[in-house]
Amino acid sequence: MPLGRRTFLSALAGTTALAATACSRTAGAAGPSGVAALGGAQAAARRLLPGHWQQLTFRATPEKAGQDVFRVSGESGRITVEGSTPGVQLTGLRRYLKHEAHANITWAGEQLNLPKLLPAPRRAITGRANARHRFVLNDTNDGYTGAYHDWSYWERELDVLALHGYNEVLVYVGADALYHRVFQEFGYGDDELRQWIPGPAHQPWWLLQNMAGFPAPVSGQLLDARAALGRRIADRARELGMTPVLPGYFGTVPRGFAEKNPGAKTVPQGDWMGFRRPDWLDPRGSHFARVAEAFYRRQDQMFGSSGLYKMDLLHEGGKPGDVPVPDAARGVEKALQAARPGATWVILGWQHNPPKAITDAVDKSRMLVVDGLSDRFTKITDRESDWGSTPYTFGSIWNFGGHTALGANTPDWAALYEKWRTRPGSTMAGISLMPEAADNNPAAFELFSELAWTEGELDLEEWFETWAVARYGAPDAHAGAAWDILRRTAYGTTRADEWSEAADGLFGARPGLSADSAAAWSPEQLRYSAAEFEPALTELLAVAPALRGSSAYRRDLLDVARQALSNRSRVLLPQIKEAYDAGDGARFKELTGTWLTLMDLLDRLVATDSRHLLGRWVADARAWGADAAERDRLAYDQLSLLTVWGTREGADAGLRDYANREWAGLVGGLYRLRWSAYFAELAAALKEGREPKAVDWFALEDKWTRAPGRLLTEPEGDTYRLAVEVARTLK
């Protein structure tokens, strides 16, 4: 939930005070004294299981044959969890909770209907990681998941990630403050750097070298607050036994660097979606070495050091100019190794990156490719050949832009992961969970996480059956039936159609009678049968009343009801087009009325959950502002990402609605405004026998984004009652 202004400032003051002392710590130092006294796993257990944590004892044990291991044993009320790191111990705890206590904790709902005394394991529970690298979070996470989360969010998120076995977490928060401090050493002033740095919601694409300076200059207090939070995140990750993966330096410089630093060579990067890209500093020269030294020195002071640094050289159309790419790669690598001997360069496997010109130029043992396309294209079969046997991870991006659509290519995970990992000559070294936004698709989150801890092939039917029991707390025939339907539909898609994400709904599309997706780069049709999917809602509604009390059940019910309602948009829009093309005004009026009624029902349904409130999203951003003007700027930064994204040019090129989602305030606000205006104009055109007038959609969208009106910040209504209404409406 968003913090009130006073509460936020108090929390921020605590975060800032922590950072002041944290910056003097070494990279591996412990965090706050209370956490350190308990130990990372014990402290996390206290946060996650406040009524039962004292029944748990955590012990450190060594790795076996270089692999992380855990063991859980004990008697009723006295459970011992052993593991090679705090995070591995928590992974063992989650295995115990799932299979022995039938409990569930994810990043989207939990079920903790535990007995007073934790049950004794029937036999010792053991586990061994089959993957050294267990990487999580996308470069875009800070934008699409939410750039303005506070420490309470991140504390919970890190606990949940550790609980699911991840040991490498991407940490970008505070990178803005790092760049701001570094380039003051190279002739830039405070004001011009704050104008160059984008708002937090758009910073991921600045760090990827796609854009700069949008939508407004950042303030000094905002930079300080984000630096403090970033340090706190990095330190907590270390306390939990996870490596914070920090941004490395690969050449991004502000405009005018060569003028301020004579002798430096920069390469203009052109434009991206209506934005001027930052210039690129030639990595071969001495100026690059000096900037990189300052970057890593300052980074160590602010966030501590790491063994993993994320850098995407020449991302999405970056231009090397006359700089040979192999030489550039060697220059980037040399600077990293000079500052952090033995560190690993982490690079995204995406589109044509990394080319062999990069992978063949560097020490492959010090590079890790986190593949974002393992479950996307059927042509991807031999990453060893693609990247010259560079170590890589099996990765999935099941979500683009934070779409609320359910689904993932789980059959591909089951079929490919173990096959690729164990084949002769494999250099696959782990997993990388990289949806563009986190906190969605909880079943996919848990299933993918378990790949790195599963021995042998994965039986999906058995997995979903076990998931349903732990998710709701006990076996239930209707819950099992619901999840079997979901397994065969939304979670039964494969990369055979060259997609890894589910289709978004049409209620969020910019209006058009032939619209087939809301986002420009999303599937144009459902990837499963809507008719086969809908009975999952009926089954979930029939789950025993005693199992309906958890946030896990409510989240799943909302997701399935929302998806069933969203899917109906793809049935209804062609009917509306048919009526319009036939000149049938009465039928057109009836069908468009039904469309808007379904949108209203969808808005009321998602309003029952705090994670589906646009008002919460905007309030989170406003809470970081020091005055009214800054609060307005930050709100636009956050909200524009979901609507117009950026400039008119970028919106018209496809960025508008890239991050569409079915949230209360968005469905009933901008989306309904667009469709009602569109239908009204079509109805008038039919009546008057003329062509419909063109609408300046960007002007309408940008105006609404700047003044969306009253938005809910607290949930309203009952999820179950609204889901029943959805089921009745769809019959």
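Which residues of helix 12 are buried? Hello everyone, let me take that as our way in. The answer is His287, Phe288, Val291, Ala292, Ala294, Phe295, Tyr296, Gln299, Met302 and Phe303. By buried I mean under 20% relative accessible area, while exposed is over 50% and partly exposed is in between, with a 1.4 Å probe and protein chains only. Helices (H or I, at least four residues) and strands (E, at least two) are DSSP runs, numbered from the N terminus.

A word on what you are looking at. This is a predicted model, in which local features need pLDDT of at least 70 and side-chain atom pairs count only at pLDDT 80 or more, whereas totals for chains, interfaces and linings use all residues. Residues are numbered from 1 along each chain as its sequence is written, and side-chain values use heavy atoms, with hydrogens and water left out.

Back to helix 12, then. It runs over residues 286–303, and its 18 residues should span 26 Å at 1.5 Å a residue. The expected span is 1.5 Å times one less than the number of residues. The end C-alpha atoms of helix 12 are 25 Å apart, which agrees. Just after helix 12 comes glycine 304, with a positive phi of about 80°.

What does helix 12 pack against? Helix 13 (residues 325–339), at an angle of about 40° and with the axes 10 Å apart. That makes helix 12 oblique to helix 13. Axes here are lines fitted to C-alpha atoms, for helices over the stretch in contact, and angles run from 0 to 180 degrees between N-to-C directions. Angles under 35 degrees count as roughly parallel, over 145 as roughly antiparallel, 65 to 115 as roughly perpendicular, and the rest as oblique. In contact terms (heavy atoms within 4.5 Å), Phe288, Ala292 and Tyr296 in helix 12 meet Gly331, Val332, Ala335, Leu336 and Ala339 in helix 13.

Here is another helix pair to look at. Helix 22 and helix 29 (residues 719–730) pack at about 25°, with their axes 10 Å apart. That makes helix 22 roughly parallel to helix 29, and their crossing is left-handed. On the helix 22 side, the contact includes Tyr553, Leu557, Ala561 and Leu565, and on the helix 29 side it includes Tyr720, Ala723 and Val726.

Now for charged side chains. How many salt bridges does the structure hold? There are 57, counting a side-chain nitrogen of Lys or Arg within 4 Å of a carboxyl oxygen of Asp or Glu. One of them joins arginine 134 and aspartate 68, at 2.9 Å from N to O. Arginine 134 sits in strand 7 (residues 133–136) and aspartate 68 in the loop between strand 1 (56–60) and strand 2 (69–75), so the pair ties together parts that are 66 residues apart in sequence. Both arginine 134 and aspartate 68 are buried.

Another salt bridge is between aspartate 176 and arginine 226, whose closest N and O atoms are 2.7 Å apart. Aspartate 176 counts as buried because its relative accessibility is 0%, and arginine 226 counts as buried at 3%. There is also a network of salt bridges that links Arg47, Glu155, Asp159, Arg236 and Glu239.

Let me finish with the backbone. Most residues other than glycine have a negative phi, and most peptide bonds are trans. Where are the exceptions? The peptide bond from phenylalanine 214 to proline 215 is cis, with omega near -5°, and proline 215 lies in the loop between helix 9 (203–207) and helix 10. A cis peptide bond also joins asparagine 353 and proline 354, with omega about -10°; proline 354 is in the loop between strand 16 (344–349) and helix 14 (356–359).

As for phi, alanine 65 has a positive value near 55° and lies in the loop between strand 1 and strand 2. Asparagine 441 has a positive phi of about 45°, and its place is in the loop between strand 19 (428–433) and helix 17 (442–450). Buried or exposed? Alanine 65 counts as exposed at 78% relative accessibility, whereas asparagine 441 is buried, with a relative accessible area of 2%.

Note on methods:
Left-handed = near helix turned anticlockwise from the far one by under 90°.
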